[in-house]
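Trainee: Could we go through this entry slowly, with one question at a time?

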Amino acid sequence: MNPFADRRYVFLILFAFVAMIFLGRLFYIQIIDRSYRISASNNVLRYVTAYPSRGLIYDRNGELLVYNQPAYDLMVIPRQVKNIDTADLCTLLAISKEEFISKIKEARKYSSLKASVFLKQLSAEIYGAFLERMYQFPGFFVQVRTMRKYPKNIAANAVGYISEVDENTIKKNSYYRSGDYIGMGGLEQSYEDILRGKRGVKIFVVDVHNRIVGSYLNGLYDTLPVPGLNVVSTLSSSLQEYGEKLMQNKIGSIAAIEPATGEVLALVTSPTYDPNLLVGRVRSANYKKLLTDSLNPLFNRALMAMYPPGSIFKIVECLVGLQDEVLTWNTVLPCNKSLVNCHNHPSPLDLDGSVQHSCNPFYYMVFKKILYGGATLELAKGEGGTSEQGLNAWRRHVISFGLGSRLGIDIPNEKGGYIPTSIYYNKVYGKNRWNFYTIYSLGIGQGEIMIVPLQMANITAIIANRGFYYLPHLIKGFGEHKMVLPHFTVRNLTTINPEHFEPLVDAMEKVVQSGTATRAKLKDVSICGKTGTAQNPHGEDHSVFIAFAPKDTPQIAISVVVENSGFGGTWAAPIASLMIEKYLNDTISRPELEKYILDEDFIHPKAEKKEVNKPERVD
Amino acid sequence: MRPNRGIFGNADWIMIWLYLVLVFFGWMNIYAAVYNEDHGSIFDISQNYGKQALWIVTGFILALTVMLIDFRFYLTFPYLVYGIVCLLLIAVVIFGKEIAGSKSWFEIGPFRLQPSEFAKFATCLALAKYLSGLRVKIEENRTKITSSAIIAIPPLLILLQPDAGSALIYSSLLLVLYREGLSSRYLWTGVFIIMLFLLALLFNKFILIGVLGFFALSGIFFFRRSRQSVVVILLALAISSGLIYSVDYAFNNILEPHQRSRINVLLGTERDIKGVGYNVNQSLIAIGSGGFTGKGFLQGTQTKYDFVPEQSTDFIFCTIGEEWGFLGSLLTIGLFVALLARIIFIAERQRSKFSRIYGYCVASVLFFHFAVNMGMTMGLAPVIGIPLPFISYGGSSLWGFTILLFLFIKFDSVRLEILR
Ligand SMILES: [Zn+2]
């Protein structure tokens, strides 16, 4: 046989030797040494989450928009709830027995081993009373965290709010646990990762009565929470506050941008709501109320409301015409009211006058020329191309103004509006079954074309910059850093050559000096603007005005929409003018104009319709 | 020759039953380790235990396949299998998915495959094939060098990932050489080197060399008449000193700080610092709190709070210790020792040298896993991430061990037909 067969015993002895060592060790730690059992007795350790303080939000001048206030949540670990006097606890917490049972059930559904919120935001009295008697209620303890507070009650839609995470979020993102808060809407949502910080955990040793005996191993395994970073917003809280004041009792929005950077100075939507309504125990009730409000205060009109732009679109049309070489500043066209209606003004007009007086037939003819004779069609002028080619060429220019799709502002729910495509018309009318006469209203910013107020303000910024824009954004910096995110510093160019802008700026100045928006005139500041009327098939038209100022060193570009208030020169223009004055001068020199705006109420039906000096419908 | 009673007819059912018991016991404990009330079903595929069910079923299919294939196939192609596995080990370093700092996994759709788990049986096959060769004699240096190379190549490739734990396993195959007739001098030298290794870590190198020098001088004085003995003693002293120096150098300059800490904690030269001693401390609390009879199935509290990391893979024994107590631990250890002893017994009854060597390889690899993994959870061995065979969660490891064991069961079932 094999001479080394006996060596098998070396193996068997080795196995037995190791097994004996293991059994000896196990016998010692499982049976003799009781310290392990003590340190693992069922309730010995309690993990108390140390919530980081959420970052604060400041405006561009360092004024607080959002801060924190402590709140006390009652937590429960269902498995540890043993032998408690339920009735006593219900009385202490001022809840009914049914509530108690449903809440326990809910907590158990989440997990019977992990802590979940039993009752949110205890009042100070209940918190104090419970703390004294906590030892009688094993399984219950109090967790301190912070609630959001809004000192100025402004910018609710831009800032957003925080609410408890839902189950879907918990499933998708392993960071969140039941009872955690998460930013919803606005900056709170977009910069959640920066604002929330990082949870820490404190481990306590508790006795069988659920009383804290001390910290576990002197805090060796505790982790400190990392506080969230503060966020500095580009908003100017004084301008935002003033805008919200001017828009009271009106439906609509204001968007103001600093053209040189794309920083959003104000983002007003009206009606809005008090952000403090969405905090604490009252949050869900108030949220339901806001959600069912017929005026929809949760709807951020500045980003989400789509309007046909009306006459303000003529400035885009004018630039496209110049670029396509169907227009020059010397072009003169008659106001031919048989083509499309217009109002009374001198005729014929040159391009400059057409902007100043917003002549509809003028742009009717310009659009026709663009469709059939534009240089970008690369067709010999006069021969003409198909309507489809013409529309495609026109659309390429238009979308370079940031229209037709979302701009990409750094808060959620932005809408992109709509610039119709030839595919769309082919679907509606059939290929080659439509032409200029089907779609001519695009030429004066009506028909299928839709844009949102932020895009209006952005077009204004493009004119102010003479041909480019930066993505509008609400973040100015976070933490210690005043850093700007790289994609907000990319200069977006339009397809229009820069030299076409200057004469347009002059024309827009005349709109305010002696055209359709003389109500926006401001002493010592040259404002350039354009009025518009967004057609509303459901009622009175919407008043629209865009403007920037000062003319040569633009610091603010603004769009104002006042729904159901008719012509843009009447309401939107003075509001924009007051906003510009507030931002540039910080004082208002025209109290009577301000009062005229503040007193107007487009929401509540008037007892007697007083005739405000309604001007002729010029637009 | 006994009549052929189907592929399992001649199989050793004791090994198969031990295998089945270990696999099911493991599955129960993975369920207990991961269990929470939200995901109650043991077949829930989103959880580790649900996936383990899948691995177990596919493992059975693999075992059946191993048994069905003609044994001549295994005798013919060991080097080919070995070569393919080595290529896979190289490929994983290049194409693998990096997880926790090492590239040990291929990612195929939602699944991950760890080639190092399959390198074990391939190396065992190759080693058995080589050593059972007609003209191979263990005393020859050529044999020693070739066997060492077969054993050393896969771990060297695994070190590239890097995965030191999986690489260390191969050292257990040196035991097989001992069984096949390697002089016991090597065994004692091995033990001496390991002792020296530990001493070098524990004590100052100069003191250690001084003490050795003192013994050497006494030896020289004692054997001063034999020139040969003096030379051997001087040579041994020189080699030992070199080893002490290189251990000291490797420890301080080559090992990563966390590896250094693990060794220091284990040797007791460093206090439980946060993070390093944490796992072992929590593991000890979990096992220790189990007491004599344990807390009962699913009643454990320590492993469920994520106290113990890797609780369903490397630290699965914590759950056994906590929920089944000393009795459950005794049973687990008993099952392993029974399986190992059975393998040795079966290996010795083989007529074929190939089958016997393969059997010893299987026993050595399983033993190393068993000893290091269990020792680690009890604070007796350093925390190196290797699974407890058949019990730990993981598709690759379960498949690898299943193939490893069932190849041996296959060889045994046809022992009357294999001649060499
Ligand atoms: Zn006209």
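**Loops, burial and confidence**

Trainee: Between which elements is the loop in which Pro550(A) is found?

Mentor: In this predicted model, a cis peptide bond joins Ala549(A) and Pro550(A), with omega at about -15 degrees. Helices (H or I, at least four residues) and strands (E, at least two) are DSSP runs numbered from the N terminus. On that basis, Pro550(A) is in the loop of chain A between β19 (542–549) and β20 (556–562).

Trainee: What is omega for the cis peptide bond of Ser270(A) and Pro271(A)?

Mentor: Pro271(A) is found in chain A in the loop that runs between β12 (263–270) and α11 (283–292). The cis bond that joins Ser270(A) to Pro271(A) has an omega of about 0 degrees.

Trainee: Is Thr234(A) buried or exposed?

Mentor: Thr234(A) has its place in the loop between β10 (231–233) and α10 (237–246) of chain A. Buried means under 20% relative accessible area, exposed over 50%, and partly exposed in between, with a 1.4 Å probe and protein chains only. Because its relative accessibility is 0%, Thr234(A) counts as buried.

Trainee: Which residues is Thr234(A) in contact with, leaving aside its neighbours within four places in sequence?

Mentor: Contact means heavy atoms within 4.5 Å. With those neighbours left aside, the partners of Thr234(A) include Arg60(A), Glu263(A), Val264(A) and Leu265(A).

Trainee: How do Ala94(A) and Asn413(A) count by relative accessibility, and why?

Mentor: Phi is positive in both of these residues, which are not glycine, near 60 degrees in Ala94(A) and near 75 degrees in Asn413(A). Ala94(A) is in the loop between α3 (86–93) and α4 (97–110) of chain A, whereas Asn413(A) is in the loop between α16 and α17 (422–429) of chain A. Because its relative accessibility is 63%, Ala94(A) counts as exposed, while Asn413(A), at 46%, counts as partly exposed.

Trainee: Where in chain A is confidence lowest?

Mentor: The pLDDT is the predictor's confidence in each residue, from 0 to 100, and chain A averages 86, with 92% of the residues scoring at least 70. Confidence is highest in helix α19 (residues 453–465) of chain A, at a mean of 97. At a mean of 66, it is lowest in helix α2 (residues 35–40) of chain A.

Trainee: How are residues and chains labelled, and what pLDDT do local features need?

Mentor: Residues are numbered from 1 along each chain as its sequence is written, and chains are lettered from A and ligands numbered from 1 in the order written. Side-chain values use heavy atoms, without hydrogens and water, side-chain atom pairs count only at pLDDT 80 or more, totals for chains, interfaces and linings use all residues, and local features need a pLDDT of at least 70.
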